[in-house]
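I opened this structure with a few points to look up. My notes are in the order I checked them.

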Amino acid sequence: MKHGSGPASQAVTLDTPELMRDDVQEWIEEWAYTRGVTGTSSTNPSAGGPIRSGAEYIESLRGRNLEVYLLGERVVEPVDHPVIRPSINAVAETYELALREPELGSVISPFTGDRVSRFLHVARSTDDLVRQNKMQRRLGQLTGTCFQRCVGMDALNALHSLTYDMDAASKAAGAPSEYHARLSAFVELCQVGNLVVGGAMTDPKGDRAKAPHEQADLDLFLRVVERRADGLVVRGAKAHQTGCINSHWMVVMPTMRLGPRDRDYAVIGAVPVDAPGIRYIYGRQSCDTRSLEASSLDTGNPGFSGQEALVVFEDVFIPFERVFMDGEVEFAATLVERFTCYHRRSYVCKSGVGDVLIGAAATIADYNGVPKVSHIRDKLVEMTHLNETIYATGIAASYQGHALPSGAYISDEMLANVCKHHVTKSPYELGRLAQDIAGGLVATLPSAADLESEVVGPLLRKYLVGRGDVAVEDRWKLLRLIENMTLGRNAVGYLTESMHGAGSPQAQRIQIGRQMQLGYKRRLAKTIARVSEESLAQDADPAEDGNYFKRVFALRDEDPVG
Ligand code: SF4
């Protein structure tokens with residue numbers, strides 16, 4: 001495997017992005033070889049049996065004729081596009097983890113009795129929730145980026161209880177629905193093929209002060225435009241869709257609380273990602289075209305990246321058997337709350353990515369000859385403290401989970417929001433400290449082509465040395481990795497996605513505020529301070545605006561504290 005060089009004549013231009021750059025292809029082959037995996041020729045994952053390995057997963061994505069646009073052009077085959085491929089590798093790693101560490105990356109399917117990805121499993125215990133988090137941290141460590149599958153996992157988990165509750169409500173109203181059975185059949189289908197499911201929630205939203213039905217353009221939230229005898233036709237778009245092109249199925253869901261006049265927007269359904277009428281417009285990532293250059297030396301993370309796209313639905317048909325909500329506006333807010341409860345503690349993924357950044361900062365300090373300087377060590381301690389705070393709050397949210405009526409377990413709402421709120425801040429501080437340790441070269445390093453130049457290459461090798469026994473290329477790679485994670489392609493996932501994914505910071509503050517039980521806490525303080533009976537009586541029956549302390553002091557998983 002060679003990362004550091006490549007003749008300029010091999011450069012792939014923007015006109016031919018479907019060509020796979022040689023050294024990236026080499027990297028992928030070595031990646032597959034070292035894991036002992038081989039490919040298959042199947043282009044239909046369900047028909048070809050369950051997908052097992054990363055290589056089988058990658059082959060399953062070929063030949064789907066997806067309508068993907070990147071840099072103004074339609075992509076012929078996303079699997080072979082050098083800008084897209086690293087994001088596919090990141091998902092492939094989830095399959096590889098399931099093979100290498102089955103207890104962490106997989107579960108026994110209740111439908112097939114066979115091992116399937118943990119990303120397709122509905123949590124049946126707090127241990128299931130905790131293992132989700134441990135898997136996420138491990139995958140963050142292995143890829144240094146977003147591995148994309150948590151949105152689908154959290155959507156399936158949220159829908160399990162939501163569809164159950166919707167059916168119960170409709171039965172009580174005398175018009176029983178069958179959403180839960182449909183959802184269960186869909187989960188079984190995905191487990192039989194061991195497929196990748198993406199979750200599509202965020203609408204473009206238009207004028208944020210207006211409800212969906214008030215928008216000047218009614219398509220700014222995904223909506224039902226036609227009800228046929230056999231299903232629904234939807235139109236609209238979903239923004240920032242993580243891993244959508246790398247999925248086999250996509251589940252569309254409403255993005256916020258809806259009112260009675262938003263009935264057409266209250267739709268949940270599963271569609272194959274290659275369904276007619278779907279277009280993907282690939283999200284630009286800082287420095288993404290470095291993946292098109294002859295050398296991978298300037299990419300920082302040649303193997304892995306995240307993926308987001310704008311997904312446009314132009315009259316896409318969803319048969320009723322894949323419809324899990326149709327008009328029940330009163331359940332839209334519950335869906336969002338349950339989904340974000342799962343997903344906000346899924347952001348422990350960033351602690352795994354943070355482990356990579358801490359390792360990069362420690363390595364560059366070592367390469368610079370200053371691994372033991374006290375202020376460097378202190379900064380590494382601070383990075384670790386912030387990183388473990390993310391993990392601690394996420395894993396605590398899972399340990400303090402509880403059962404819902406469907407039997408699915410959900411994480412603790414308060415702690416999940418606290419986890420995500422840390423994630424909106426701490427990675428930025430970790431990034432700042434990593435740049436502090438690395439020095440200005442993170443942002444001023446010349447190009448790999450300059451390093452190859454006969455004229456200036458020797459000058460760079462002379463002046464960009466660090467510790468004498470460290471190759472200039474190795475120091476270069478670490479500086480580029482720190483750039484990649486704090487300024488480049490993977491800063492999308494590590495920083496901005498940390499800010500806005502699963503809801504921007506204010507969304508968590510609202511949820512934390514709803515659960516903080518000030519009446520309960522006032523009474524604690526007044527009792528200890530021995531205030532007057534008159535003042536104490538004001539909180540004699542404190543308005544319990546949440547169940548957080550019931551969950552804190554519940555001693556058994558099954559205690560009803562939802
Ligand atoms: Fe999973 Fe994290 Fe990516 Fe979300 S940001 S899909 S939680 S890896």
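The entries below cover a helix, the ligand shell and a sheet.

Ground rules first. I am working with a predicted model, where local features need pLDDT of at least 70, side-chain atom pairs count only at pLDDT 80 or more, and totals for chains, interfaces and linings use all residues. Residues are numbered from 1 along each chain as its sequence is written, and side-chain values use heavy atoms, with hydrogens and water left out.

Entry one, helix H5. I took helices (H or I, at least four residues) and strands (E, at least two) as DSSP runs, numbered from the N terminus. H5 covers residues 126-143, 18 residues in total. Its first and last C-alpha are 26 Å apart, close to the 26 Å expected at 1.5 Å a residue (1.5 Å times one less than the number of residues). I listed its buried residues (under 20% relative accessible area, 1.4 Å probe, protein chains only); among them are Leu129, Val130, Met135 and Arg137. Gly144 follows H5 and has a positive phi, near 65 degrees.

I found Cys146, Phe147, Gln148, Cys150, His343, Ser346, Cys349, Lys350 and Glu497 around it (a heavy atom within 4 Å). Helices H8 (332-346) and H9 (349-367) each supply at least two residues of this shell.

I read six strands in an open sheet, ordered S2-S1-S10-S11-S7-S6, with mixed pairing (at least two DSSP bridges between two strands). S2 (73-74) and S6 (223-227) each have a single partner strand, so one side of each lacks a neighbour in the sheet. S6 runs antiparallel to S7 (residues 231-242), joined by four bridges. Arg223 has Arg235 in S7 as its bridge partner.

Key
Buried < 20%, exposed > 50% of the residue type's maximum accessible area, 1.4 Å probe, protein only.
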